[in-house]
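Dear colleague,

I am handing over the structure below, followed by an account of what was found in it. Please read the account with the coordinates open beside you.

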Amino acid sequence: MSVVYDRVALIGLGLIASSMFWAMKRAGLAGEVTGYARSAETRETARRIGLCDRVCDSAAEAVDGADLVVLCVPVGAMGAVAKEIGPMLKPGATVSDVGSVKRAVIDAVGPHIPAGVHFVPGHPLAGTEHSGPESGFAELFDNRWCLLVPVTGSDPQAVARLRTLWEGMGSYVDEMDPDHHDLVLAVTSHAPHLIAYTMVGVADDLRRVTDSEVIKYSAAGFRDFTRIAASDPTMWRDVFLTNKDATLEILGRFTEELFALQRAIRTGDGDHLHAYFTRTRAIRRGIIEAGQDTDAPDFGRVKRDG
Ligand code: NAP
């Protein structure tokens, strides 16, 4: 792979930014990568582990001369960061982001992008429950989708170049409209996270099941809920506050289905339960056939942390 951008700036140095850095280095996609994080502690960690070719002490310094700037901060912080860097952006540069919600990011960031700078929002559908500069790894995006969400007037060449970068980092790339993105993600990611948070919260409330029992006997189902419910609180607070309508729509449907299943259990309607579970099993098969997970036990997850 050859260099796609001479200068890339990563604003925010957590899981996604650090994975992008290692993935870009793995494939030689960027000349120089600069980085900035809000806290001195994160910047210090980044310098210590060699995350970014140059760690800067201000966002303005990091974006100075950059051909691509990627906002890798929580969704609720995107607008303020864009406002800060807007005046420093190089004409012809591209600004992108990796936020989990797209409409709110477009509304918050768009007004701060000067004329002559391209804005191409994005969202890699890859992550873990870990956060921070030390949690990233080059393979995070391999065989995962990255959705690009061009806004009105996005330059096709700028979109194509960003696509090349994501493909070079291992992703499959698709384009999607922002509202559709937010609805799809409410189904596939946001509502499931809220359900996991709730289930773990319920188990925590059930003091009859002591902590040690919850941990000792946690079967694959609950254990996987705890993994999801360990995700970063700031990131997920922002996701729900900014993808409010789509999440509430899906949760409304979820509640209706849950009531129907509850009723089937109460009335002993085994046919309803069996038909429902047969339908859902087919979805799992579809995901495996699409190469988005393996059918190995324990969801095929590699234990990265030992
Ligand atoms: P992370 O590991 O928690 O890192 C977040 C980074 O943003 C940190 O460097 C943090 O700086 C900085 N930051 C936080 N609040 C800020 C603020 N108010 N102003 C400026 N900088 C701030 O997060 P992440 O998991 O990489 O997520 C980053 C973005 O990717 C989010 O928008 C998220 O929705 C999206 N995303 C996440 C996943 C996932 O699974 N994690 C997947 C796809 C997309 P300090 O360290 O100095 O506090």
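In this predicted model, domain 1 and domain 2 bury about 1200 Å² between them, and 68% of that lies on carbon and sulfur atoms; buried area here is the accessible area, taken with a 1.4 Å probe, that two parts lose on being put together, summed over both. Of the area that domain 1 buries against domain 2, V101, E129 and M176 supply 43%, more than any other three residues. The contact, meaning heavy atoms within 4.5 Å, involves 16 residues of domain 1 and 15 residues of domain 2. The bounds, which come from an automatic or database domain assignment, are 5-176 for domain 1 and 180-268 for domain 2, and the C-alpha centres of the two lie 29 Å apart.

Turning to the ligand, 26 residues surround it, the closest being L13, S39, T42, V73 and S100; a residue is counted if one of its heavy atoms lies within 4 Å. This shell divides into 14 nonpolar residues, eleven polar and one charged, with Gly counted among the polar ones and Asp, Glu, Lys and Arg as charged.

Among the polar contacts (pairs of N or O atoms within 3.5 Å), a polar side-chain atom of S39 lies 2.7 Å from an oxygen atom of the ligand, while for R38 a polar side-chain atom is 2.8 Å from a ligand oxygen. The backbone also takes part, with a polar atom of G132 placed 2.8 Å from an oxygen atom of the ligand. Of the 900 Å² of accessible area that the ligand has on its own, the protein covers 84%.

As for conventions, residues are numbered from 1 along each chain as its sequence is written, and side-chain values use heavy atoms, with hydrogens and water left out. Local features need pLDDT of at least 70 and side-chain atom pairs count only at pLDDT 80 or more, whereas totals for chains, interfaces and linings use all residues.

Terms used:
A polar contact is a pair of N or O atoms within 3.5 Å; within protein, one must be able to donate a hydrogen and the other to accept it, and residues adjacent in sequence count only if both atoms are side-chain atoms. Accessible areas come from the Shrake-Rupley method with a 1.4 Å probe; for residues, only the protein chains shown count as cover.
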